[in-house]
Amino acid sequence: MYNLGPNEKTSTVMFYSQNAFMRGDLVTRENVRVSIWLRTQGVPNYIHLLKAQVLLFSGTPPKSVAYSELYFPTTEIIAFHLAPPLTDPPDYDPNEANRTMTNVNLLLGAFVVKGKLRISTHTDLATSIEVGRASWLSVYDADIANPFLAQMPPIHVPMMLVRPDVMTFGL
């Protein structure tokens, strides 16, 4: 089993790929703000999870597997968030002028997300996603559900990161 270094911590996270859903304890440096970690410099090529639980959607029915340690390619992650009830403060100033929250639905691999995007009041969603160049986009007040797993209750998170270049946006 992995032993944490003196300047390391674990945080329970959930992340998604096109055909899998993962949950486990993410190993990071002590001073890292995990909810926005994928936006920072120096993110490794592989996400290191301890006590990993994986739900695979590449066949029917979905299959679950567990690992004491898992290394998953960072480039394959399409969405990421802290596991409830963990939270971080918002990554924006709520008093910032000329910004509004816009309701959006996202198709995220086998999952559907209902949430909010923070965009300029001087534009619309289509323009915002077309001209945006961020690798990771924040989605707020998100409800994440899987239409193929009726027994899985929706997951509610105050904030998640998604890769906009692999998302389908619906209004």
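A: Begin with the term: a pocket is an open set of grid points with protein on both sides within 12 Å along at least five of seven lines. The model here is predicted.

Q: How much space lies in the largest pocket?

A: A volume is the space filled by probe spheres set on the points. For the largest pocket this comes to about 460 Å³.

Q: Which residues lie nearest the centre of the largest pocket?

A: Lining residues have an atom within 4 Å of a point. The largest pocket has 22 of them, and those nearest its centre are Arg118, Ile119, Ala134, Leu137 and Ser138.

Q: Which element gives the most to the lining of the largest pocket?

A: Strand S7 does, with four residues. At least two residues each come from S7 (111–120), helix H1 (125–131) and strand S8 (137–145).

Q: How does the lining of the largest pocket divide by class?

A: Ten residues are nonpolar, seven are charged and five are polar.

Q: What can be read in the second largest pocket?

A: Its space is about 180 Å³. The lining of the second largest pocket consists of 16 residues, with Thr87, Asp88, Val157, Pro158 and Met159 nearest the centre. Strands S5 (79–82) and S9 (155–162) each supply at least two lining residues, and S9 gives the most, with four.

Q: Which classes make up the lining of the second largest pocket?

A: Eleven of its residues are nonpolar, four are polar and one is charged.

Technical notes: Residues numbered from 1 in each chain as written. Predicted model: local features only at pLDDT ≥ 70, side-chain atom pairs only at ≥ 80, totals over all residues. Heavy atoms only, no water. 1 Å grid on protein atoms, 1.4 Å probe; cavity = no way out; pocket = protein on both sides within 12 Å on 5 of 7 lines; lining within 4 Å. Nonpolar A, V, L, I, M, F, W, Y, C, P; charged D, E, K, R; others polar.
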